[in-house]
Amino acid sequence: TDGILTNPVSSIAAAKTIADSLGLKRFWAQANVTVTLGADYANYVFTGIGWILATSGSRSVSGSVIENALGVTGTYTGASVPYWKDVEFGATVSIPPSNLSHCEFPGVTTLNAAGNYDFIDCCSIVAGSGVPEFAVPAGTVNISFRRWSGGLKLTGLTAGTTVSIDIVSGGTVTLEGTGATVKVRGMCTGVTN
């Protein structure tokens, strides 16, 4: 039987078919397994240890929980805020307004819609003097980096952008754009505006 512990499903599409028929909303992925979302997944929980998440095209994860994933890449959207926990993002990723806790960033993260982005206890995983970059969209965007570790770069800042950066250690903060309201607090090696 497909979808049991001794015979896991071979794709997320097959798992979704079984879950939807049973009214289930939680998926567990094995370590080193790549889950590629080929459809929208609203209000699901994706968990596991050391699994990899990607998309084929732009996919909604509206109201979903994504935890313990590595190398997350692709374009994600959502009308309801998704929650990312203990996630290591990949070199490039695009996310909707989100709540993020204990997440790691090595590359370019595109914030793809106006709204609120809350980064709690997140950090840079770029070695040396490099920093992860966050591309900010136009519109009313509120970004909170609470207890951020390492440096970071924000691009595309406009008059509609409000940012709070509370740094607990390291790095340079680079701000690009005009008219934004940005507060930087804590210990960093410098702010470039």
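## Core, pocket and selected residues of a predicted model

Asn32 is found in the loop between S1 and S2.

In Asn32, phi is near 65 degrees, a positive value in a residue other than glycine. Asn32 counts as exposed, because its relative accessibility is 64% and the limit for that class is over 50%. A second residue with this feature is Asp86, where phi is near 55 degrees, again positive in a residue other than glycine. Asp86 has its place in the loop between strand S9 (83-85) and strand S10 (89-95). With a relative accessibility of 32%, Asp86 counts as partly exposed.

**The largest pocket**

The largest pocket holds about 700 Å³ of space. Its lining consists of 25 residues, and those closest to the centre are Pro8, Val9, Ala15, Phe27 and Trp28. Four elements each supply at least two residues of this lining: helix H1 (12-22), strand S1 (26-29), strand S2 (34-37) and strand S3 (45-48). H1 provides the largest share, five residues. By class, the lining of the largest pocket comprises 17 nonpolar, seven polar and one charged residues.

Ser21 lies in helix H1 and is exposed, with a relative accessible area of 58%. The side chain of Ser21 reaches back to the backbone oxygen of Ile18 at 2.8 Å. Between the C-alpha atoms of Ser21 and Val184 the separation is 49 Å, the two residues being 163 residues apart along the chain. Gly23 has its place in the loop between H1 and S1, and at 60% relative accessibility Gly23 also counts as exposed. From Gly23 to Ala114 the distance is 32 Å, C-alpha to C-alpha, across 91 residues in sequence.

**The largest nonpolar core**

The largest nonpolar core contains 43 residues, and the members that touch the most others are Leu53, Trp84, Phe89, Phe119, Phe145 and Leu154. Strand S17 (residues 141-149) contributes the largest share of this core, four residues. In soluble globular proteins, nonpolar side chains tend to be buried together.

What does Trp84 touch, not counting residues up to four places away in sequence? The list includes Leu53 and Phe89, two residues that, like Trp84, are among the core members touching the most others. Trp84 also touches Val61, Ile66, Val72, Tyr76, Ile95 and Leu100, as well as Ser98, Asn99, Ser101 and Cys103.

**Buried and partly exposed residues in strands**

Thr55 lies in strand S4 (residues 51-55). Is Thr55 buried or exposed? Thr55 is buried, because its relative accessible area is 16% and the limit for burial is under 20%. A polar atom of the Thr55 side chain lies 2.9 Å from the backbone oxygen of Gly57, and the side chain of Thr55 also reaches the backbone nitrogen of Thr75 at 3.2 Å. Leaving aside neighbours within four places in sequence, the contacts of Thr55 are with Thr36, Leu37, Thr73, Gly74, Thr75 and Tyr76. Tyr76 is also one of the residues touched by Trp84.

Ser124 is found in strand S15 (residues 123-124) and is buried, with a relative accessible area of 15%. A polar atom of the Ser124 side chain lies 3.1 Å from the backbone nitrogen of Val126. Beyond residues up to four places away in sequence, Ser124 touches Phe105, Pro132, Trp148, Ser149, Gly150 and Gly151.

Thr110, in strand S13 (residues 108-111), is partly exposed, with a relative accessible area of 30%. Leaving aside neighbours within four places in sequence, Thr110 is in contact with Val93, Ser94, Ile95 and Ala135. Ile95 is likewise touched by Trp84. Thr110 and Asp2 are 37 Å apart in space, C-alpha to C-alpha, and 108 residues apart in sequence.

| Side chain | Backbone atom | Distance |
|---|---|---|
| Ser21 | oxygen of Ile18 | 2.8 Å |
| Thr55 | oxygen of Gly57 | 2.9 Å |
| Thr55 | nitrogen of Thr75 | 3.2 Å |
| Ser124 | nitrogen of Val126 | 3.1 Å |

How values were computed: Residues numbered from 1 in each chain as written. Predicted model: local features only at pLDDT ≥ 70, side-chain atom pairs only at ≥ 80, totals over all residues. Heavy atoms only, no water. Core = buried A, V, L, I, M, F, W, Y, C linked by side-chain atoms within 4.5 Å. Buried < 20%, exposed > 50% of the residue type's maximum accessible area, 1.4 Å probe, protein only. Contact = heavy atoms within 4.5 Å. 1 Å grid on protein atoms, 1.4 Å probe; cavity = no way out; pocket = protein on both sides within 12 Å on 5 of 7 lines; lining within 4 Å. Points joined across faces, edges and corners; volume = space filled by probe spheres on them. Nonpolar A, V, L, I, M, F, W, Y, C, P; charged D, E, K, R; others polar. Polar contact = N/O pair within 3.5 Å; in protein donor to acceptor, adjacent residues only side chain to side chain.
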